[in-house]
Every structure is written in C-alpha cells, then in structure tokens.
Amino acid sequence: MITVLQILFVLFLIVLIIRLVFQSRRPEALVLPENTEEILADYVIFYAGLDEDGRAIFLDKMKRFLSAVKITGANAEVEDLDRILIGAAAVMPVFYIPDWEYINLREILLYPGNFNTDYEQQGNERLVSGMVGTGSLENIMILSKWELRQGFINRKNNRNMALHEFVHLIDKMDGSLDGVPEILLQRKFVPQWKQLLEQEMENVRRGQSDIDLYAATSPVECFAVVSEYFFEQPEIFSEQHPDLHALLQQIFIRK
Ligand SMILES: [Zn+2]
C-alpha cells in the first residue's frame with residue numbers, strides 16, 4: 001500500500017531535483033576584478049573618453065560578455081588583466097549596438113605568443129597572433145597573450161590585435177566574411193564602403209597611406225585594420241581618412 005506520506009516524500013524529492021537542476025544551470029553572477037575601472041581608464045582610450053553613464057554601461061556589457069564566453073589558457077595563464085582587455089576589445093566595436101551578442105563565439109583560447117596556421121605554438125613560421133577559428137574550431141577565437149597586451153599598452157601604433165579579431169566576428173555575423181558588415185551598415189552605404197576599401201588598399205600598396213601594409217591583403221583585412229586605427233587613434237584617423245572615418249562611424253557609432 002502506498003501511503004500519503006510516501007507520495008509526499010516522492011513529491012518532495014521531485015521538487016528537490018528540479019530545483020537542483022535549475023540552480024546548476026543558472027550562470028554564476030560574474031564579478032569583475034576590483035581594479036577593472038582603473039585598468040580600463042589607463043589602457044582603453046575608448047573607455048576613458050566615456051562619461052560616467054557610458055562607463056557604467058561599458059562595464060555592464062563587459063560583464064555580460066565575460067559571463068557568456070569562456071576564456072581558456074593554452075600554456076598561458078589567464079590573468080585578470082587579460083580578461084579585462086579581452087572584454088574591452090569585445091565591447092568597443094559594439095558598444096553602441098543595443099543587445100549585441102557574439103552568437104558566433106563560444107570560447108577564447110589564450111596562447112602565450114604567436115602560433116602557426118595549424119595553431120601550433122612551436123616551430124618556425126609562427127606568424128599568427130590572433131585568429132577566428134573555422135572548421136573544427138568554429139566559434140572559437142585564438143589570441144596571443146603577448147599581442148593582446150601590446151595592443152593596449154603600445155600607444156605608438158594604431159594596431160590592436162584583439163579588436164581586429166572581434167571586427168572579423170562582426171563581419172562574419174551576416175554569413176559572409178567579406179569586409180562588409182551588412183548587419184551594421186545600412187544598405188545604401190554598401191557600394192561606397194566597398195569602393196573606399198578598394199581605394200585604400202590601392203593607396204597602401206603604393207605606399208601612399210599611413211595605414212598598416214596588412215590592410216592591402218584583402219577587403220576583410222582592410223576593414224579590420226582600419227577599424228583598429230579608428231578606435232586606437234580616433235583623432236589622427238579622422239584627420240587623415242575623413243571618408244573612411246565617416247563610414248566607420250555609420251558602422252560602429254551609428255551617427
Ligand atoms: Zn585579420
């Protein structure tokens with residue numbers, strides 16, 4: 001005979017199991033390291049230029065990003081500084097886009113230094129410092145810890161490798177990695193944008209531009225490289241490249 005007590009006990013167990021399952025699924029509320037704001041103000045020009053409200057929104061977006069994406073060290077220790085800089089690089093290009101999520105990114109692997117195109121950390125031909133994975137590494141980004149830090153510490157140049165890789169992800173979000181971020185750029189600006197990229201690649205090839213030579217590789221790389229310059233040295237970029245600056249504003253700032 002099943003007693004009322006037994007039924008109640010079974011019900012109690014069911015409720016307990018359901019609660020345990022849901023609790024373990026709930027993501028832990030992420031707490032940013034204590035000195036996050038200080039580090040951002042020191043190293044991230046974009047953050048330093050925001051007002052108080054803007055800074056609070058930036059921190060919130062960083063928190064959401066770092067809760068959603070796993071950062072794993074591969075022979076490298078992931079330190080607080082690395083987490084903060086990765087979070088900053090992720091938020092900067094999409095700061096003005098409401099509810100943005102990098103749905104094409106699950107995990108970031110942090111390597112100590114450069115690697116080769118087979119993702120190996122040893123041997124010659126280790127020329128790659130960051131990349132967005134494809135095939136078996138779909139939804140995974142690899143960054144060199146050394147280059148990640150250089151991108152923010154070195155103020156003398158306009159390169160920022162981590163930001164570069166996030167721009168590739170944004171470019172890729174519409175289904176094609178082609179230098180045209182259709183998800184952010186209004187259709188009416190697309191022909192002008194393509195033309196500007198081609199023109200600038202030609203200028204770079206001829207040595208008539210201060211934009212890094214890597215931009216001449218393809219429209220995809222050109223978009224990522226000019227975006228680095230746009231965020232790293234905004235004033236010089238707007239003086240030197242007013243047309244590109246105006247369209248990058250359309251893409252990232254929406255004004
Ligand atoms: Zn690239």
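The legends below go with a handful of close-up views of a predicted model. Local features are taken only where pLDDT is at least 70 and side-chain atom pairs only at pLDDT 80 or more, while totals for chains, interfaces and linings use all residues. Residue numbers start from 1 along each chain as its sequence is written.

View 1. Six residues from domain 1 and seven residues from domain 2 make the contact, where contact means C-beta atoms, placed from the backbone, within 7 Å. On the domain 1 side, the tally is six nonpolar, no polar and no charged residues. Here Ala, Val, Leu, Ile, Met, Phe, Trp, Tyr, Cys and Pro count as nonpolar, Asp, Glu, Lys and Arg as charged, and the others, Gly among them, as polar.

**View 2. Helix 2 (residues 36-43) crosses helix 5 (residues 80-91).** Helices are DSSP runs of H or I with at least four residues, strands are E runs of at least two, and both are numbered from the N terminus. The two axes come within 10 Å and cross at roughly 60 degrees; axes are lines fitted to C-alpha atoms, for helices over the stretch in contact, with angles from 0 to 180 degrees between N-to-C directions. Helix 2 and helix 5 are therefore oblique to each other (under 35 degrees is roughly parallel, over 145 roughly antiparallel, 65 to 115 roughly perpendicular, and the rest oblique). Thr36, Ile39, Leu40 and Tyr43 from helix 2 meet Leu81, Ile84, Leu85 and Ala88 from helix 5. Sorted by class, that's seven nonpolar, one polar and no charged.

**View 3. Four strands make an open, mixed sheet in the order 1-2-4-3.** Strands pair if DSSP finds at least two bridges between them. Strand 1 (70-73) and strand 3 (130-132) are the edges, each pairing on one side only. From one strand to the next, the twist averages 20 degrees. Strand 2 (residues 107-111) and strand 4 (residues 140-144) run parallel, joined by five bridges. Look for leucine 110 opposite leucine 143 of strand 4.

**View 4. Helix 6 (residues 145-153) and helix 7 (residues 161-172) against the strands.** Helix 6 packs on the sheet and touches strand 2, strand 3 and strand 4, with its direction at about 75 degrees to that of strand 4. Helix 7 lies across strand 3 and strand 4, running at about 15 degrees to strand 3.

Note on methods
Contact = placed C-beta atoms within 7 Å.
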